[in-house]
Amino acid sequence: MSNPDEAATHNGDAGPSATAFTPPAYVENPTPALGFGVSSITRRWKREDLFNKGSLIARGFAFLLSLLSFIITASNKHGDWRNFDNYEEFRYLLAIAILSTLYTGIQALIHVNALWNVKQILNQRISAMVDFVGDQVMSYLLISSVSAAIPLTNRMREGQDNAFTDSSASAISMSFFAFLTLAISAVVSGYKLSTQSYI
């Protein structure tokens, strides 16, 4: 009595044991599909370019808002008790607005230089660290100056609402919006720092 598998082999039919050999797939290093590596690299470049431009725009807005806060506070002199330099809170607001204007202006120039020129001033990893720490520190200083000046301005506006208190409120608003834009820039800087290779 003959075996059915042997009969199938003798008849020229391919049995289950005669199937073509397929090599096992490599789990650790799979072979990418054609074009997969190139598309992922271009997506990464586009994402990095978008973050660089977004960071530059945020710093540009922070520079403009800090400069406005500095100008409004420095020109807030209306005689007698209505001079900003009579109050520590407004002097602190002015000092932080000056620091923020200088910091964001320098950072914006550095980023414009990095976008237009291939050669960067600092190493990419060091630049990401400086951006992250600087944005964090400056945004905290801005929100602390705003929180120091708000209670004094509110007390003054309860007693008398005039050009001095309106100018103070405008300067506080500009510093607060500068804080928001720098906080957004700090989030972008944190993401860029997290993507750096430390090997």
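User: Which residues does Met156 touch, not counting residues up to four places away in sequence?

Analyst: First, some background: this is a predicted model, where local features need pLDDT of at least 70 and side-chain atom pairs count only at pLDDT 80 or more, while totals for chains, interfaces and linings use all residues. Residues are numbered from 1 along each chain as its sequence is written, and side-chain values use heavy atoms, with hydrogens and water left out. A contact means heavy atoms within 4.5 Å. With that rule, Met156 touches Trp81, Tyr87, Phe90, Phe164 and Thr165.

User: Which residues make up the largest nonpolar core?

Analyst: In soluble globular proteins, nonpolar side chains tend to be buried together. A nonpolar core is a set of buried Ala, Val, Leu, Ile, Met, Phe, Trp, Tyr and Cys residues joined through side-chain atoms within 4.5 Å; buried means under 20% relative accessible area, exposed over 50%, and partly exposed in between (1.4 Å probe, protein chains only). Here the largest core has twelve residues: Phe84, Tyr87, Phe90, Leu93, Leu94, Val146, Ala149, Leu152, Met156, Phe164, Ala171 and Ile172.

User: Which helix gives the most to this core?

Analyst: Helices are DSSP runs (H or I, at least four residues), numbered from the N terminus. The answer is α4, with four residues.

User: Is Thr104 buried or exposed?

Analyst: Thr104, in helix α3, counts as buried because its relative accessibility is 0%. Its neighbours in contact include Arg59 and Leu182.

User: And Leu64: buried, partly exposed or exposed?

Analyst: Leu64 sits in helix α2 (residues 36-74) and counts as partly exposed because its relative accessibility is 45%.

Notes: Helix = DSSP H or I, 4+ residues; strand = E, 2+ residues; numbered from the N terminus.
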